[in-house]
Amino acid sequence: MAYEILRLVGFAIAATTLLVLLRRERPEMALILSLAVGAFILLAILPAIGQVVTLLDTLTMKAHVRLIFFDTVLKILGIAYLAEFGAQVARDAGETAVASKIELAAKVLILVLALPIVNAILDLILRLLP
Amino acid sequence: MLSFDVVIKLAALGILVMLARLVLESIGDRKEYGLLLTIAGVVVGFLVVIPLLTNLIQSVKTLFNL
């Protein structure tokens with residue numbers, strides 16, 4: 001893992017140098033290049049995220065938390081990762097409006113996914129109240 | 001781990017398009033060829049980057065059960 005971060009930082013610095021060279025003359029090629037760099041770095045750290053997710057999964061099994069809640073949280077994490085990626089690419093290209101819309105869409109989708117959890121909390125509160 | 005060569009490829013493509021446009025502009029006013037060249041460069045770049053994006057989205061989908 002420590003070796004991995006050295007590799008990623010070196011990669012990112014090299015890519016940034018190329019991006020600075022390209023951004024002034026050909027902004028659209030710089031956009032594609034930054035897309036590739038972002039996808040590459042995310043792909044490189046996904047196995048580590050997978051380890052954390054596996055750990056959380058075993059913890060959920062041991063604690064006997066209902067699996068649907070954990071599944072929802074995982075889905076929300078995935079939506080957040082993808083939306084952040086897309087929004088950052090859009091913001092990088094100067095399209096802040098598109099970036100804001102992507103974030104809004106992600107928030108709405110996350111809210112929809114979280115509805116069963118909110119329902120469960122409300123049920124619990126109603127049951128606790130006399 | 002994935003390899004660095006996609007990024008090298010894209011940077012080389014960008015620099016190539018940049019140089020070709022500079023040459024075209026220095027030959028004469030061939031603005032329309034420059035535009036075509038830029039579009040071709042963008043299309044080729046997307047052809048390179050789309051497999052990477054598909055890979056990323058598939059990985060996130062399988063990891064987070066989307």
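Which residues in α2(A) meet α3(A)? Before going through them, keep in mind that this is a predicted model. On the α2(A) side you'll find A:Leu31, A:Ser34, A:Leu35, A:Gly38, A:Ala39, A:Leu42, A:Ile49, A:Val53, A:Leu56, A:Asp57, A:Thr60 and A:Met61. They meet A:Leu67, A:Phe70, A:Leu74, A:Tyr81, A:Phe85, A:Val89 and A:Asp92 in α3(A). Sorted by class, this contact has 14 nonpolar, 3 polar and 2 charged residues.

Now look at how those two helices sit. Helix α2 of chain A covers residues 27-63, and it packs against α3(A) at an angle of about 165°, with the axes 12 Å apart. That angle makes α2(A) roughly antiparallel to α3(A), because anything over 145 degrees counts that way. As for handedness, α2(A) and α3(A) make a right-handed crossing.

Stay on helix α3 of chain A for a moment and find A:Thr72, which lies in it. Is A:Thr72 buried or exposed? Its relative accessibility is 8%, so A:Thr72 counts as buried. Once you set aside neighbours within four places in sequence, A:Thr72 is in contact with A:Leu113 and A:Ile117.

Next, follow α3(A) across to chain B. There α3(A) packs with α2(B) at an angle of about 160°, and their axes are 8 Å apart. So this pair, too, is roughly antiparallel, and α3(A) passes α2(B) in a right-handed crossing. From α3(A), the contact is made by A:Leu74, A:Lys75, A:Leu77, A:Gly78, A:Tyr81, A:Leu82 and A:Phe85. From α2(B) come B:Leu53, B:Leu56, B:Ile57, B:Val60, B:Leu63 and B:Phe64. By class, you get 11 nonpolar, 1 polar and 1 charged residues here.

A:Tyr81 has now turned up in the contact with α2(A) and in the one with α2(B), and there's one more thing to see at this residue. The structure holds 2 aromatic pairs over all chains. One of them joins A:Tyr81 and B:Phe64, with 5.7 Å from centre to centre and 25° between the planes, and it is stacked. This pair crosses between chains: A:Tyr81 belongs to helix α3 (residues 67-92) of chain A, and B:Phe64 to helix α2 (residues 31-64) of chain B. How do the two partners compare in accessibility? A:Tyr81 is partly exposed, with a relative accessible area of 31%, whereas B:Phe64 is buried, at 0%.

Chain B also reaches α2(A), this time through helix α1 (residues 5-27) of chain B. The axes of α2(A) and α1(B) come within 10 Å and cross at roughly 175°, so these helices are roughly antiparallel to each other. A:Met29, A:Ile32, A:Leu33, A:Ala36 and A:Val37 make the contact from α2(A), and B:Val7, B:Leu10, B:Ala11, B:Leu13 and B:Gly14 make it from α1(B). The tally is 9 nonpolar, 1 polar and no charged residues.

Last stop: B:Arg21, in helix α1 of chain B. B:Arg21 has 17% relative accessibility and counts as buried, because the cut-off for buried is under 20%. Not counting residues up to four places away in sequence, B:Arg21 touches A:Arg26, B:Gly34, B:Leu37 and B:Thr38.

Methods. Residues numbered from 1 in each chain as written. Chains lettered and ligands numbered in written order. Predicted model: local features only at pLDDT ≥ 70, side-chain atom pairs only at ≥ 80, totals over all residues. Heavy atoms only, no water. Phe/Tyr/Trp six-rings, centres within 6.5 Å; stacked < 30°, edge-to-face > 60°. Helix = DSSP H or I, 4+ residues; strand = E, 2+ residues; numbered from the N terminus. Buried < 20%, exposed > 50% of the residue type's maximum accessible area, 1.4 Å probe, protein only. Axes fitted to C-alpha atoms, helices over the stretch in contact; angles between N-to-C directions. Parallel < 35°, antiparallel > 145°, perpendicular 65-115°, else oblique. Left-handed = near helix turned anticlockwise from the far one by under 90°. Contact = heavy atoms within 4.5 Å. Nonpolar A, V, L, I, M, F, W, Y, C, P; charged D, E, K, R; others polar.
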